[in-house]
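Dear colleague,

I am handing over the structure below, and my notes on one residue and on the pockets follow it.

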Amino acid sequence: MRWGEIIRRLLLIPPTLAGVGLIVFVLLRVVPGDPIAMMIPPGASAADIIRLRALYGLDQPILQQFVTWSGQVLTGDFGRSISLHQRVFELVLARLPATLELALLATVIAVLLGTAVALIGAYLRGRRAEWAIDGGVGLLLAIPDFLWALILLLLLGVVLPVLPISGRIDPQLDVAFRTNFYLIESLLTGRLGVAAALLQHMILPALALALPFAAMVARLLKAQLTEAEDQDYAQVARARGFSRPAILLREVLPNALIPTVALGGVQITLLLGGTVLVERIFSYEGIGNMAIDAVINRDFPLIQGLILTFAVLFIVLNLAVDLLVNLLDPRLRHG
């Protein structure tokens, strides 16, 4: 990707976010439901309702509300949560690291598992075992991440209670963190016991997110491996006496990774969106879980801030995947 293309993509980010913000802002206000009515105590007077609506700017026309909110966003102020009574920016900043760590762990598991299954499937090409692998991949793809979350919760949290099924960390564990990236900080500071405790809480939701992603990686990569193994360079390596595993790993895999990375980047954004339900099922303290609470409480400022956060993450991930594909593919890098 040339510098001109990168600059063009970066220049498109502000209007994209503005469009997302406008659509979300309008939709939240035209659908039925009043956040003020959900937060007022029983017996509140009409004057109290009017005062609260004025406090959150809900007494103004929608256009005026959007102009006011846009001006605040440009200064880094995303408003104040109606249900939690805290700054939206601070709330999102506190929960975002938990979701990023969960998505990162799920991605690592999916890539390692999917690549291993694809290599085994390509190696067993033409044998009966290949059908079993393809069937298993199809089964993983057919079950969505939230259903995997329920299955894992039931099997490993209830039937065989070997792993915790809620929260991000054991509340009895008295540990002080300097940042909200608990797992990364624990690993960097050498507190491996704390990292292990965190992983015990993260492994089930991470697996629920990773299994469909791993199946997609396995299917795409296996197809690319099969196609690349029939190319001339693989045949030349075979004629030179290289073993089949060596050909798959050294000659075929690097070329098969390029289209897999390009298509897999789309799945990463879907995985990030899947954290909403999975975090809720496991009571994991991330922005996905917070998003459901915000929708239930009709918390307009918090919903708007969370959706803008997801939009930024999707844009950054897509740009990063495009850059990675260009680095892996010499034709694009030098073209």
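Is Thr68 buried, partly exposed or exposed? Because its relative accessibility is 33%, Thr68 counts as partly exposed, where buried means under 20% relative accessible area, exposed over 50%, and partly exposed in between (1.4 Å probe, protein chains only). This is a predicted model, in which local features need pLDDT of at least 70 and side-chain atom pairs count only at pLDDT 80 or more, while totals for chains, interfaces and linings use all residues. Residues are numbered from 1 along each chain as its sequence is written, and side-chain values use heavy atoms, with hydrogens and water left out.

Thr68 sits in helix 5, residues 62–74 (helices are DSSP runs of H or I, at least four residues, numbered from the N terminus). A polar atom of the Thr68 side chain lies 2.9 Å from the backbone oxygen of Gln64.

As for the pockets (on a 1 Å grid over the protein atoms alone, open sets of points where a 1.4 Å probe fits, with protein on both sides within 12 Å along at least five of seven lines; lining residues have an atom within 4 Å of a point), the largest has 20 lining residues, with Leu17, Val73, Phe78, Leu308 and Val312 nearest its centre. Helix 2 (13–30), helix 5, helix 6 (88–123) and helix 14 (300–328) each give two or more residues to that lining.

The second largest pocket is lined by 21 residues, of which Leu55, Tyr56, Gly57, Gln72 and Gly79 are the closest to its centre. Helix 5 gives the most to this second lining, with 4 residues.

Best regards

Notes
A polar contact is a pair of N or O atoms within 3.5 Å; within protein, one must be able to donate a hydrogen and the other to accept it, and residues adjacent in sequence count only if both atoms are side-chain atoms.
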